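Here are a few exercises to work through with the model open beside you. Try each task before you read its solution.

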Amino acid sequence: MSKSYEPVIGLEVHAQLLTRTKLFCGCSTAFGAPPNTHVCPTCLGLPGALPVLNGEAVRLAVRAALALGCTIRNHSRFARKNYFYPDLPKGYQISQFDEPFSDDGFLDIHVPGAGPSAVDVGEGENKISRHARIQRVHMEEDAGKNFHDKGDESIVDLNRSGTPLIEIVGHPDLRSGAEAAEYLRTLRDILVFLGVNDGNLEEGSFRCDANVSIRPVGTDTLGTRTELKNINSFKFVEKAIAHEISRQIAVLDDGGRIVQETRGWNEKESKTYSLRSKETAQDYRYFPEPDLPPLIIDEAFVETARHEMPELPRNKRARFVAEYKLTPYAASVLTMHPRVAAFFEEAAMLHGDAVKIGNFIQAEVLRDVTLTGLDAQIPVSAKQVADLWKLVDDDKISGKQAKEVYAKLAKTNRSPGDVIAELGISQVTDRSQIEDICRKIIDANAKSAEQLKAGKTGLIGFFVGQVMKETKGSASPQVVNETLKRLLGLP
């Protein structure tokens, strides 16, 4: 990237609220139904149909805005955003314009290798590298969706029309594609842990537009921006923004000018492409929605929402490190999803050693977990994991054998004890038997044994591994270590 230019990036994120019904009618918001089956006169925009605001949508929207540090306005209004498009049957979208229900928030993110303009606060995983301001969070209804066949025909599916959204409008405070991707990951995690949004990029329930421009380093004037749309993964957002920054620099370096336009992302060619020109500002002719009264959110409502706020991901990670003595990395992995975090905490409480339980969940359980929105399919119960590891603690089985037992426990309600009885396995703890095997291994590797006694301490792992191999993983690692050190005269 040219050092003479600074990228300036602002994100507009649309997140579908997890209500059972739409924002202004009683139609279902469920995904995947046949086209135009979750519709009614209101979301079809038929004459005479009147909107009625969904109270649950307001509660979820307020919860999200509070988590993002926004100020909740007691008085706000809905407005009609007028434009004509096939998937907008009314010819306008009910949104909020000059009187949103919340504004003035922020999102702190950490990006490894952030630039010198970043704000550094704290250490490790909680180090903040960018303080990104949020201009506003407002509510609006979604439009429908156009499907273009391979031929000349297109259809409009209005199942999505009227589903409740919040739009999170960020200030242009981001400076790279990596920061934008991390902003989206952090925001998505917050909304999922709040139970506000399912974070599903593929189904379009969490999506963003990125406004990208560049300006000479050291200046405050914003350059001409382009808007990137229809990007459905964090990786693609990062790549698309990085490409767009490079494209704009190349245009200016060649003496050209940036054209204000909307661009898409072509993953196969790894480049952005023009969708439509936006040389002039779009006039949406906003005016107050006459069919809806002002939205009044009183202090009691806000305080109730604040009181019901669950623990946010960053706070949970910090607590896991402080309370359970996990590494920052382990804490981040075990808070990848609210159900996974709850599963870990339950298992840790039942067993008593959070580090051991956390390591086992990361190494064995998580690879079999299936995440779908707010749901998580975990193949074992927290009690099964806790009981299994208690058997390891009691020297009934080894850690290696625990993996074998886990494979038989998965997707059953059996107890670890029943599986061990069925497999006929147990850990070898007889010290005389283990000593005989250790002597055999030492005799077979006399040269390595001499090197170990001479100070090459790293070889102890080799000898332990050979004993475990000889016993097919059934020997107690603790007894093996103690026996080898005694026979070799090691401290």
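**Exercise 1.** Find what the buried residues of α8 pack against.

*Solution.* Step one: list the buried residues, where buried means under 20% relative accessible area, exposed over 50% and partly exposed in between (1.4 Å probe, protein chains only). In α8 (residues 354–365) these are Ala 354, Ile 357, Gly 358, Phe 360, Ile 361, Glu 364 and Val 365. They sit on the same side of α8 because they cover an arc of only 165° around the axis, the arc being that of the directions from the helix axis to the C-beta atoms.

Step two: recall that an α-helix has 3.6 residues a turn, so residues three or four places apart point the same way.

Step three: look for partners in contact, that is, with heavy atoms within 4.5 Å. The buried residues of α8 pack against α5, α6, α7 (338–351), α9 (382–393) and α10 (399–409). Helices (H or I, at least four residues) and strands (E, at least two) are DSSP runs, numbered from the N terminus.

A note on the model: it is predicted, so local features need pLDDT of at least 70 and side-chain atom pairs pLDDT 80 or more, while totals for chains, interfaces and linings use all residues. Residues are numbered from 1 along each chain as its sequence is written, and side-chain values use heavy atoms, leaving out hydrogens and water.

**Exercise 2.** Work out which residue caps the N-terminal end of α8.

*Solution.* Look for a side-chain oxygen by the backbone nitrogen of Val 355: Asp 353 supplies one at 3.2 Å, capping that end of α8.

**Exercise 3.** Is Gln 248 buried or exposed, and which side chain does its own side chain meet in a polar contact?

*Solution.* Next, check its accessibility: Gln 248 counts as buried because its relative accessibility is 0%. Then look for a polar contact (a pair of N or O atoms within 3.5 Å; within protein, one must be able to donate a hydrogen and the other to accept it, and residues adjacent in sequence count only if both atoms are side-chain atoms). The partner is the side chain of Thr 226, at 3.2 Å.

**Exercise 4.** Where do Arg 285 and Lys 325 lie, and what is the phi of Arg 285 and of Lys 325?

*Solution.* Start with the background: most residues other than glycine have a negative phi. Arg 285, in the loop between β14 (271–277) and β15 (287–288), has a positive phi of about 50°. Lys 325, in the loop between α5 and α6, has a positive phi of about 65°. Finally, compare accessibility: Arg 285 is partly exposed at 44%, and Lys 325 is exposed at 62%.
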